[in-house]
Amino acid sequence: MSDDKHDLHSPAPMVDEVSEFEVLELAVRELAIEKGLFTKEDHNRWTEYMHTLGPAPAARLVAKAWLDPEFKKLAVNDGVKASLDVGIDWINSMPTNFGTPSDYCNLRVLEDTPKLKHVVVCTLCSCYPRPILGQSPEWYRTPNYRRRIVRWPRQVLAEFGLQLPEDIEVRVEDSNQKSRFIVLPVRPEGTEGWSEDQLAEIVTRDCLIGVAVPKPSVTANRKRPVRRAVNPYHH
Amino acid sequence: MSKPHYDRNHHVEKATDIGDPQCFKGEAGKPRFKVGDRVRVRNLPDIFYTRTQGYVRGAEAVVAELVYESPPAEDESWDNTENVEWFYSLVFKMADLWPDYPDYFPNDTVETEIPEHYLEAA
């Protein structure tokens with residue numbers, strides 16, 4: 001069925017679809033510009049700022065926490081303060097200086113243990129710790145992921161290629177209010193003696209959302225094949 | 001008639017250099033629940049906006065953490081920031097939310113944040 005060379009747990013394909021909200025955003029943005037609430041230049045400045053963000057600082061935070069138990073304690077207790085050490089200032093970042101309405105300044109770092117695995121979702125919309133993780137991946141915003149991960153978490157994780165033993169507690173973190181979340185995964189075996197740079201490399205975006213676990217040889221998110229929608233959304 | 005004046009900047013002025021929800025710290029008073037308490041989410045009516053998911057309403061949970069103080073989203077969406085309250089991070093058992101959740105994963109949970117006025121002692 002799928003044309004990639006798949007191993008035992010290869011990711012299942014996703015459906016390519018445009019959500020109503022993307023159409024809505026475009027319409028509201030155009031109206032706001034016409035009405036003069038903000039200008040096209042404001043919008044460009046904002047978009048360019050957003051494009052400078054990415055998951056690298058969060059990966060660095062995890063690598064530091066693996067190496068330094070004191071820093072790990074700080075990260076778990078006060079994610080906003082710990083972010084300063086990886087160059088992310090939640091309180092005074094451009095361009096609003098108090099976060100944006102959807103990037104409230106309360107980062108919680110969720111520590112996995114050998115018996116507890118966290119995975120992050122926003123079932124109500126698509127809240128995501130953008131200052132430290134960049135823009136959310138397409139699948140994170142789809143109703144498909146948001147509906148099913150709280151209902152059938154193990155099945156959805158299995159679609160990402162992550163199969164967990166029964167005795168591990170899967171904890172789905174539904175990001176519904178002003179906290180934003182990243183996962184601090186368990187440091188994998190086979191990374192003894194690694195430097196911070198080496199460790200940061202294996203902490204991919206998917207590991208930080210919780211749909212993957214870091215592995216010594218894996219430094220990129222797994223590609224999920226995309227299948228065309230049977231009834232695509234027309235607009 | 002003169003043009004009405006809307007105060008659109010009060011939130012910016014309050015939150016700049018402090019952060020949101022940090023800017024509401026100390027305004028909620030004494031929390032009603034503490035870590036470890038069992039609570040139930042009330043199914044309150046909401047007009048137009050809520051951030052209390054349908055699937056947690058009526059379900060019981062354990063308070064995992066008192067996370068911050070803030071006006072509830074239901075008020076804040078109408079620019080009403082008078083009623084600041086405590087927010088609780090709650091842990092629900094999957095089996096309590098979904099009757100048909102498989103028995104062989106009894107430890108699985110959902111954690112989410114709910115403002116105080118939605119909670120009652122269970």
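**Chains, domains and contacts**

Author: Chain B has three helices and five strands, where helices (H or I, at least four residues) and strands (E, at least two) are DSSP runs numbered from the N terminus. The model is predicted: local features need pLDDT of at least 70, side-chain atom pairs count only at pLDDT 80 or more, and totals for chains, interfaces and linings use all residues. Residues are numbered from 1 along each chain as its sequence is written, and chains are lettered from A and ligands numbered from 1 in the order in which they are written.

Reader: In what order do the elements of chain B run?

Author: From the N terminus on, the order is α-β-β-α-β-α-β-β.

Reader: And what is the radius of gyration of chain B?

Author: Chain B has 17 Å, while a compact globule of 122 residues would have a value near 14 Å. The radius is taken over C-alpha atoms, and the globule rule is 2.2 Å times the number of residues to the power 0.38. The C-alpha trace of chain B spans about 65 × 30 × 25 Å along its principal axes.

Reader: How much of chain B is buried?

Author: Buried residues are 33% of the 122 in chain B. A residue is buried if 20 or more other C-beta atoms lie within 10 Å of its own, exposed if 12 or fewer, and partly exposed in between, with C-beta atoms placed from the backbone.

Reader: Switching to chain A, what domains does the assignment give?

Author: Domain 1 covers 19–52 and domain 2 covers 54–224; such bounds come from an automatic or database domain assignment. The centres of the two domains of chain A, taken over C-alpha atoms, are separated by 27 Å.

Reader: How many residues of domain 1 of chain A are in contact with domain 2?

Author: Five residues of domain 1 of chain A are in contact with six residues of domain 2. Contact here is two residues with C-beta atoms, placed from the backbone, within 7 Å. The domain 1 side of chain A that touches domain 2 has three nonpolar residues, one polar and one charged. Ala, Val, Leu, Ile, Met, Phe, Trp, Tyr, Cys and Pro count as nonpolar, Asp, Glu, Lys and Arg as charged, and the others, Gly among them, as polar.

Reader: Why does helix 1 of chain A lie largely in the open?

Author: Because the number buried among its 16 residues is zero. After helix 1 of chain A comes A:Gly36, with a positive phi near 85 degrees.

Reader: Which residues touch the most other members of the largest nonpolar core?

Author: A:Val62, A:Val119, A:Val203 and A:Leu208, in a core of 63 residues. A nonpolar core is a set of buried Ala, Val, Leu, Ile, Met, Phe, Trp, Tyr and Cys residues joined through C-beta atoms within 7 Å. Helix 3 (residues 56–67) of chain A gives the largest share of this core, seven residues. Not counting residues up to four places away in sequence, A:Leu208 touches residues including A:Pro55, A:Leu133 and A:Val203.

Reader: How many residues of chain A are in contact with chain B?

Author: 26 residues of chain A are in contact with 26 residues of chain B. Strand 4 of chain A gives the most to the chain A side, six residues. By class, that side of chain A has ten nonpolar, eight polar and eight charged residues.

Reader: Where does A:Leu164 lie?

Author: In the loop between helix 9 (153–159) and strand 4 (169–174) of chain A. A:Leu164 counts as partly exposed because it has 17 C-beta neighbours inside 10 Å.
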